[in-house]
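Please keep the sequence and the model in view while reading.

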Amino acid sequence: MSDREAVAHLLRRATFGPTADEVDAAERAGPAATLDRLLTPARADRGAAATPPPALAADPYAELTGESTREQRQQANAERRKQIQQVTGWWLDRMVAAEDGLTEKLLFFWHGHWATSAQKVKSARMMQGQLETLRRHGRGPLSPLVAAMVRDPALIIWLDGQKNTRKAPNENLARELMELFTLGIGNYTEADVKAGARALTGWVVDRRTGAARFEARRHDPGEKTILGHSGRFDTEAYAGLLAAQPAAATFAAGRLWFRYAGTDIPAPQGLAGADTIATLRAIFSSPAFAQTRGTLVKQPVEWMVGALRQLGIRPSALPEQQHKQLLAGLNALDQVPLRPPSVGGWPAGVAWLTTSALQARLRTAGMLAAAAAPTVLARLTAAPTAGRPDALARLLVVDGWSARTRAALTPLAGEPRKLLAAGLVSPEYTVS
């Protein structure tokens, strides 16, 4: 693998889709320096700073009373949905604008890992707050991340933590915390789940403020035995116990490998995830990672954000109708940020390659090609007609076209926007 191919592979996986100019700069720097820059950015992210989170009004539904009319409730729900769409649109725009693509994509990884849906939480403010928590703690060690997430208001509502009391323990949060978020199946018992639920009792969420608070009268202060340790565990102690388990580091590393490298090549022996950035360095530096090139199907959000970046499109700059089409495209592709389908998160691999997904991708690719920046089209049309498939490969950071794909692209060389759309749905672009 050449240096250019190596840095292109790294940038495709570590970020949301590099531009040709970014690959050029990475090639000049070399793979090692590029990895260092990705993991430890030397400067503040100007793109993210220019894309601040929206200032949200109070939860409109929280202001209703028992005397509110049906129409008032419908209006409040409509306003809630509008706020959630506002946060979704902002995050999509930030994914495109951010210079620190690794951190932005890592946030999307953690969002899928601690999968929480606005469809049940019904609060844009809480969902935005959860993103801020994941951004604040997602690059570092597991312990602070787990401690913050078990007190996260959106997660508490999503997994019924506010219904968990000393008199009527609810095991939902404790079970998913161990099974899906920290340890994995086989590393805990049903008794651990029951005791963990008792440790998590006492938390409620104020919908007016969007904050979680602890109510001691609802908490079970008694002694509990969890994972072989006995004590008067509360939420913080329980979170610390989970994060300290060797199984937690192994589980986190496995999930990172799954999303960043796939399943075709096994993870390196001894890969552990007690610190996220250190684990990503181990993943991206491993010979096994290089072998995964061309094996990982892009998730729809990865596919779209990469295309937006490479085609010079800022979602926030699009006319309202086209902006709605972007979100409708993600909805048709079954991956809308803030709306994972279940607590297990989104699927992976060939699950994204259904016939209906291809049709949705074709429609969305046509819309993206139509919105491509003039400077991008100029780069494509500057090449002689016969050389435009190669110019397209450079633009979309594709290492090369198969003979079959090239045969499909060549007749479109005289129609740049159709050529762009065809490149976006090609196997070489869809699978990285």
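## Helix contacts and selected residues

In α1, the residues Asp 3, Ala 6, Val 7, Leu 10, Leu 11 and Ala 14 meet Pro 31, Thr 34, Leu 35, Arg 37 and Leu 38 of α3. Sorted by class, this contact of α1 with α3 comprises eight nonpolar, one polar and two charged residues. The model described here is a predicted one.

The geometry of this pair can be stated as follows. Helix α1 covers residues 3-14 and helix α3 covers residues 31-39; their axes come within 10 Å and cross at roughly 15 degrees. Angles under 35 degrees count as roughly parallel, and α1 and α3 are therefore roughly parallel to each other. The crossing in which α1 passes α3 is right-handed.

A second pair of helices is formed by α5 (residues 70-97) and α17 (residues 300-310), which pack at an angle of about 55 degrees with their axes 9 Å apart. These two helices, α5 and α17, are therefore oblique to each other. Their crossing is right-handed. On the α5 side, Leu 92, Met 95 and Val 96 take part, and they meet Val 301, Val 305, Leu 308 and Arg 309 in α17. The residues of this contact of α5 with α17 divide into six nonpolar, no polar and one charged.

## A covered helix and its surroundings

Which residues of α9 are buried? They are Leu 142, Leu 145, Val 146, Ala 147, Ala 148 and Met 149. Helix α9 spans residues 142-149 and is mostly covered, since six of its eight residues are buried. The elements that cover these buried residues include α6 (101-113), α8 (124-137), α10 (153-158), α11 (172-182), α13 (235-244) and α14 (246-260).

In α13, the residues Thr 235, Tyr 238, Ala 239, Leu 241, Leu 242 and Ala 243 are buried. The N-terminal end of α13 is capped by Asp 234, a side-chain oxygen of which lies 3.4 Å from the backbone nitrogen of Glu 236. Helix α6 contains Thr 103. Thr 103 counts as buried, at 11% relative accessibility. Residues up to four places away in sequence aside, Thr 103 touches Arg 135 and Arg 139.

## The loop between α18 and α19

The loop between α18 (320-332) and α19 (355-371) holds Asp 334. Gly 345 is also found in the loop between α18 and α19. Is Asp 334 buried or exposed? With a relative accessible area of 57%, Asp 334 is exposed. Gly 345, by contrast, is buried, with a relative accessible area of 9%.

Asp 334 is 35 residues from Gln 299 in sequence, and the C-alpha atoms of Asp 334 and Gln 299 are 9.7 Å apart in space. Gly 345 and Leu 180 are separated by 165 residues in sequence and by 9.4 Å in space, C-alpha to C-alpha.

When residues up to four places away in sequence are not counted, Asp 334 touches Trp 346 and Trp 352. With neighbours within four places in sequence left aside, Gly 345 is in contact with Gly 112, Ala 115 and Pro 340.

## Positive phi angles

Lys 122 has a phi near 60 degrees, a positive value in a residue other than glycine. Val 397 is not a glycine either, yet has a positive phi of about 55 degrees. Lys 122 is found in the loop between α7 (118-121) and α8, whereas Val 397 lies in the loop between α21 (388-395) and α22 (403-409).

| Residue | Relative accessibility | Class |
|---|---|---|
| Thr 103 | 11% | buried |
| Lys 122 | 39% | partly exposed |
| Asp 334 | 57% | exposed |
| Gly 345 | 9% | buried |
| Val 397 | 6% | buried |

Conventions:
Residues are numbered from 1 along each chain as its sequence is written. This is a predicted model: local features need pLDDT of at least 70, side-chain atom pairs count only at pLDDT 80 or more; totals for chains, interfaces and linings use all residues. Side-chain values use heavy atoms; hydrogens and water are left out. Buried means under 20% relative accessible area, exposed over 50%, partly exposed in between (1.4 Å probe, protein chains only). Helices (H or I, at least four residues) and strands (E, at least two) are DSSP runs, numbered from the N terminus. Contact means heavy atoms within 4.5 Å. Axes are lines fitted to C-alpha atoms, for helices over the stretch in contact, and angles run from 0 to 180 degrees between N-to-C directions. Angles under 35 degrees count as roughly parallel, over 145 as roughly antiparallel, 65 to 115 as roughly perpendicular and the rest as oblique. A crossing is left-handed if the near helix is turned anticlockwise from the far one by less than a right angle, and right-handed if clockwise. Ala, Val, Leu, Ile, Met, Phe, Trp, Tyr, Cys and Pro count as nonpolar, Asp, Glu, Lys and Arg as charged, and the others, Gly among them, as polar. A polar contact is a pair of N or O atoms within 3.5 Å; within protein, one must be able to donate a hydrogen and the other to accept it, and residues adjacent in sequence count only if both atoms are side-chain atoms.
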